[in-house]
Amino acid sequence: MGKTKPRLVSTVTKERFHLIQNQKLIHRFPRKFVVIVSFVFFSAVIPLKDLNSISIPKENWNLVMYGGIFTTTDLIPIVFRQKTDYKESYIGSLGLTRPLDYRIRWFDFLWEGNVTKHFGEMNHWEVNGFYIVKIDRMYGSPISLSLGEGLSLASENPKLENKAKGYYLDGLQKDAIESRALLNYMMVEISSYLPFERKTELFLRVHHRSGIFGLYCPPDPNCGSNFVSYGFRTSF
């Protein structure tokens, strides 16, 4: 048997290989160069003592945690008559709140954002963002009243916010309720500061999603849900 001749790599293939390698180096070099130059530039321009001036301010931030239970009762009977009809559906909520930089007479203004998880008969997520008007420490007492208004977005159309056609409410036959993932959010809250320190509040809150009489969903009857909730708010 004759000897097998070794395969020769063509000059064109070699040149193409080297060209590709050079192109890779060219693409890598500017990125590294830009990163290094940027680091040196900002290190020289921004002294270490001034880094705090560009960081997110930490003052006045508050952590909010609460849990609640679903009720089929409307918001007004809950607030004014303390009437409730509970179902085995629950929420756990974690959020942040911060005061705004202005007030009107005895009204303080804040904003809050929270993430809520549903358990029990409903099992989905919910995100809420809203503004709050608050009467803080009424008449010098530790008691405060708050009202919040904003938007609520659920990860799915909430099961208990939908009812089949022909259901009964208070003995009267109603049409079907078809809810939406995006609804108006409202909360009504009464809170009290702890007697031994000034930065923590315990509160009772009605966590309310609403279609606002047809703005978000068919108005007759209106969609939405209520959770009677208990929790606390404390500053960092």
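**View 1. The charged end of K117 sits over the ring of W125, 5.6 Å from its centre.** The charged end of K117 also sits over the ring of F119, at 5.0 Å from the ring centre; a charge is taken to sit over a ring if NZ of Lys or CZ of Arg is within 6 Å of the ring centre and within 35 degrees of the ring normal. This is a predicted model, in which local features need pLDDT of at least 70 and side-chain atom pairs count only at pLDDT 80 or more, while totals for chains, interfaces and linings use all residues. Residues are numbered from 1 along each chain as its sequence is written, and side-chain values use heavy atoms, with hydrogens and water left out.

**View 2. N114 is found in strand β3, residues 107-120.** Strands (E, at least two residues) are DSSP runs numbered from the N terminus. N114 has a relative accessible area of 2% and is therefore buried, where buried means under 20% relative accessible area, exposed over 50% and partly exposed in between, with a 1.4 Å probe and protein chains only. The side chain of N114 makes a polar contact of 3.2 Å with the side chain of E112, and another of 3.2 Å with the side chain of T116. A polar contact is a pair of N or O atoms within 3.5 Å; within protein, one must be able to donate a hydrogen and the other to accept it, and residues adjacent in sequence count only if both atoms are side-chain atoms. Leaving aside neighbours within four places in sequence, N114 is in contact (heavy atoms within 4.5 Å) with residues including Y66, S93, G95, N128 and R205.

**View 3. G95 lies in strand β2, residues 86-104.** With a relative accessible area of 5%, G95 is buried. G95 and E112 are 17 residues apart in sequence, yet their C-alpha atoms are 7.0 Å apart in space. Beyond neighbours within four places in sequence, G95 is in contact with N62, L63, V64, G113 and N114.

**View 4. R233, in strand β10 (residues 224-235), has its side chain joined to that of E189 by a polar contact of 2.6 Å.** R233 counts as buried because its relative accessibility is 7%. Among the residues in contact with R233, once neighbours within four places in sequence are left aside, are N62, T97, K134, S191, F203 and R205.

**View 5. A disulfide joins C217 to C223, with an S to S distance of 1.9 Å.** A search of the whole structure finds one disulfide, defined as a pair of cysteine sulfur atoms within 2.5 Å. The torsion about the S-S bond of C217 and C223 is about -100°, so the disulfide is left-handed. Both C217 and C223 are buried.

**View 6. Y139, which is not a glycine, has a positive phi of about 55°.** Y139 is found in the loop between β4 (125-135) and β5 (143-154), and counts as exposed because its relative accessibility is 87%. I212, a residue other than glycine, has a positive phi near 50°; I212 lies in the loop between β9 (200-210) and β10, and is partly exposed, with a relative accessible area of 31%.

**View 7. The mean pLDDT of the chain is 78, and 69% of its residues reach 70 or more.** Over residues 5-12 the pLDDT is below 50, and this stretch has one contact in the model beyond near neighbours in sequence. Here pLDDT is the predictor's confidence in each residue, from 0 to 100. Residues 22-56 likewise stay under 50, with two contacts beyond four places in sequence. Where pLDDT is low, the predicted coordinates should not be read in detail.

Key:
Helices (H or I, at least four residues) and strands (E, at least two) are DSSP runs, numbered from the N terminus.
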